[in-house]
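Welcome! Take a look at the structure below, and then let's work through a few questions together.

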Amino acid sequence: MAQVPVAHGIFTWPSGEPRLIGSRCAACGIVTFPAQDSCPRCPSTAMAEHLLPRRGRLWAWTTQEFPPPAPPYAGSTGDAFVPYGIGYVELADEVRVETRLTTMEGLRIGIDMELVLVPFGAADDGNEVVSFAFRPVSGAGSGV
Ligand SMILES: [Zn+2]
C-alpha cells in the first residue's frame, strides 16, 4: 500500500519534512494558502510559489461536529463520521491557515503548533490518502 496526497499542490510530497505550499504576491508581499493565481489584496497576478514554515501559533479553533459539504470534503460521513478539531494556525506572521487538528486536548491560544501528515482514508485503488494537520509541539497530541 502506498501513500498518496489528498490533493496535489497543497503540501510538498513526498517529503520527510513536508511544507505547505502557499503563494506570495511579488507586488505587495501578501502570502496566501492555498496558492492563488491572482492577489486577493492588489491587482497583481504575479504570484510565486511560497513554502510556508512548518511551525506556527494557534490562533483559533473549534470542533467540527458534522461532516462538511462534499466536495471538497472527502472524509467519512454518516455513522462513520468522527468529530474533529479544526483551527487556524498563524505561520510566521504571514498567513493564517485553516487546518485539521490532531487533538482537542491542551489547546490554548498562542501555543506552538507543527505540521504533520495524517491518514485521511483509503483511495479507490487501495492506497492510503494522507492529508495535513497541525498538532501541539509539546507532543501532547495523539502521537500520529
Ligand atoms: Zn498583491
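Q: Which residue takes a positive phi in the hairpin of β8 and β9?
A: This is a predicted model, and its hairpin of β8 and β9 has five residues between the strands. The two strands, β8 (residues 112-122) and β9, pair in the antiparallel sense over eight bridges. The residue with a positive phi, near 90°, is G126.

Q: How many of the nine residues of β9 are buried?
A: Strand β9 also pairs with β1 (residues 3-5) in the parallel sense, over three bridges. Strand β9, residues 128-136, is mostly covered. Its count of buried residues is eight.

Q: What arrangement do the four donor atoms around the zinc ion make?
A: The zinc ion is coordinated by the SG atoms of C25, C28, C39 and C42, at 2.3 Å. These four donor atoms subtend angles of 105 to 117°. Four donors count as tetrahedral if all angles lie between 85 and 135 degrees, so the arrangement is tetrahedral.

Q: Is C39 buried or exposed?
A: C39 lies in the loop between β3 (31-32) and β4 (47-51), while C25 lies in strand β2 (residues 21-25), so the pair ties together parts that are 14 residues apart in sequence. The relative accessible area of C39 is 9%. Under 20% counts as buried, so C39 is buried.

Methods:
Residues are numbered from 1 along each chain as its sequence is written. This is a predicted model: local features need pLDDT of at least 70, side-chain atom pairs count only at pLDDT 80 or more; totals for chains, interfaces and linings use all residues. Side-chain values use heavy atoms; hydrogens and water are left out. Donors are N, O and S atoms within 2.8 Å of the metal (3.2 Å for Na, K and Ca); water is not among the atoms, so sites may look incomplete. Four donors count as tetrahedral if all angles lie between 85 and 135 degrees; four count as square planar and six as octahedral if opposite donors are over 155 degrees apart and all others between 65 and 115; anything else is irregular. Helices (H or I, at least four residues) and strands (E, at least two) are DSSP runs, numbered from the N terminus. Buried means under 20% relative accessible area, exposed over 50%, partly exposed in between (1.4 Å probe, protein chains only). Two strands pair if DSSP finds at least two bridges between them.
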